[in-house]
Amino acid sequence: MIKVSDELSLFARCVEAAGARLYAVGGLVRNGLLGLPVYDIDVCSALRPEAVISLCARAGFGIVRKGIDFGMVEVHINGKKFEHTTFRSDSYAEGGAHRPSAVRFSTTVEEDAFRRDFTVNALYLDVLSGQIKDPTGGLTDLEKRIIRTTSPSPYTVLSDDGLRIMRMVRFAAELYFDIDAETYETAKQLCGNLKDISPERIRDELNKILLSDVKYGERNPERVLHGLELLRDVGAIELILPELYLGRGIEQKPTHHLYDVLDHCLHTAAEISPNLVMRLSGLLHDVGKPPVNLRTGKMYGHDLEGADISREILTRLRYDNKTIAEVCFIVRHHMYDLNNTAKESTLRTTFGRWGYERSMEIAEIREADVHGSGIIKGEVKSADRWRELLKKMKDEHTPFSDKELNCTGEDIMRWLSLPPGPRVGDIKRRLLEHCARFPQDNTPEKLERLARDVSGAFIGTPPRTPLGAF
Ligand code: ATP
Ligand code: MG
């Protein structure tokens, strides 16, 4: 029995008074039956949008006009939100564009069910009676843990709206379901329709696939890999991330790697911690290998080139600038001190320059990179050493940012009688670098002496030997 809130029951009673039945559909029913959390509530009935709006006005419910032409009205009751869509059947133009070219409102659950994508998403809960309607066989598929199109002809469902191919993979990943063989083969055949989908929509689905393990549960590399491999096999990676797909078949040293470059990237993304920047970085970290390998027969410089390619990919998929900058930084530096031979003082200077969070991210990608090779599973010495050092630096109150430095730009200008300008920033950076090695010098008195030293040396070229501690 699926529990519904008092607000949803109240809404259903109002819909009944208006002469219709209110059904919950989508995530609420599917996840309710699976015992998984529900994040948004989709409901539907035969009531037209205008009828829903006037019902809400009479009952004092809030509304947001979402997509009246598509029958959608958002209803707010006591702070709870319901997405109401009038029963409809949709038609689509040629190509795989996401939006229907024509929408016809209908009056039955049966008709409505077949305009939906997958059977497990087309289960209807009669809110008042608690009865479930299942026009497409979703209950059996839920039991078998299978994603299958609502219509027995997957071709129609998947060719109508190319986004459904991404959604198919996303649901399979989030729920850890398999895909029905015919649905899957058809998706493979129609994958080219993804070209008609906006980059933003593709990006959003890709993000959900990358974070599919933590939608309902704990971090789980196998689940993420399940989604990424489906994405690869159905042909979507080749289409949306062709630069990454070039890694297919590029073998690497068998002593270090079990997989080709493409699969290594998928494994690395799956191994890394569950946040979007890290997962994207894992996915793209070796994207520079195919072109560099083609040109030189080696992999040297793939980190630099990979950062440039990552920027192109992420810009094309309309990621925000902050995400792009962070991912490119990680891709750029993922080869740092590969042999784990850097001296502590060198590591300190580097980490001081990068900052604490970014340094931790580089440790993280190193670990996932090694684990993603499929050969080593246990500890990764360099990453462990870096984390240990970073912890030590934190314990020593090392300043990792301007804010943590015990002086301001104004102090520096006053001490050195400098006008505002880039030199102040340069000096600050030098002070930070110094304090990364000698955190005990982060006091106003010592920083003032140091600033005088640094500025004197700074008029010409910066000193080659690092400044010692006081
Ligand atoms: P989630 O838990 O991610 O919200 P959901 O199943 O509720 O899962 P939504 O994207 O909220 O997914 O969509 C609600 C319902 O609308 C789906 O279950 C499905 O029946 C239908 N739907 C959404 N997008 C599409 C689409 N592109 N094609 C066909 N049906 C769709
Ligand atoms: Mg939903």
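Predicted model: local features only at pLDDT ≥ 70, side-chain atom pairs only at ≥ 80, totals over all residues.
The protein has 470 residues, of which 53% count as buried. Its secondary structure comprises 24 helices and 11 strands. The C-alpha trace spans about 85 × 55 × 40 Å along its principal axes.

Seven strands form an open sheet. Their order is β3-β4-β5-β2-β1-β8-β9, and the pairing is mixed. Strands β3 (62–67) and β9 (132–133) are the edges, each pairing on one side only.

Within this sheet, β5 lies between β4 and β2. Strand β5 covers residues 80–86 and is mostly covered. Five of its seven residues are buried. On one side, β5 runs parallel to β2 (residues 41–45), and five bridges join the two strands. Here C44 stands opposite T85 of β5. The pairing of β5 with β4 (residues 72–77) is antiparallel and involves six bridges. H76 has K81 in β5 as its bridge partner. Strands β4 and β5 also form a hairpin, with two residues between them. In the turn, N78 has a positive phi of about 45 degrees.

Strand β2 is also joined to β1 (residues 23–25). These two strands run antiparallel, with three bridges between them. V25 stands opposite D42 in β2. The order of the sheet then continues from β1 to β8 and β9.

Ligand 1 is surrounded by 17 residues. The closest are G27, R30, D161, R164 and R170. R30 places a polar side-chain atom 2.7 Å from a ligand oxygen. For D40, an N or O atom of the side chain is 3.2 Å from an oxygen atom of ligand 1. Taken alone, the ligand exposes 590 Å², and the protein buries 85% of that.

Salt bridges number 39 in the model. D112 takes part in two of the pairs described here, with R115 and with R116. The N to O distance is 3.4 Å for R115 and D112. For R116 and D112 the corresponding distance is 3.0 Å. R115 and D112 are both buried, and R116 is buried as well.

A further salt bridge links R203 and D204, whose closest N and O atoms are 3.1 Å apart. The two partners fall into separate accessibility classes. R203 counts as buried because its relative accessibility is 17%, under the 20% limit. D204 has a relative accessible area of 34% and is therefore partly exposed. Elsewhere, R170, E174, E205 and K215 are joined into one network by salt bridges that share partners. R170 is also one of the residues closest to ligand 1.

I375 is located in the loop between α20 (356–371) and α21 (381–395). This residue counts as partly exposed because its relative accessibility is 38%, which lies between the limits of 20% and 50%.

Key: Residues numbered from 1 in each chain as written. Chains lettered and ligands numbered in written order. Heavy atoms only, no water. Helix = DSSP H or I, 4+ residues; strand = E, 2+ residues; numbered from the N terminus. Buried < 20%, exposed > 50% of the residue type's maximum accessible area, 1.4 Å probe, protein only. Pairing = 2+ DSSP bridges. Near = heavy atom within 4 Å. Polar contact = N/O pair within 3.5 Å; in protein donor to acceptor, adjacent residues only side chain to side chain. Areas by Shrake-Rupley, 256 points an atom, 1.4 Å probe, with all protein chains shown as cover. Salt bridge = Lys/Arg side-chain N within 4 Å of Asp/Glu carboxyl O.
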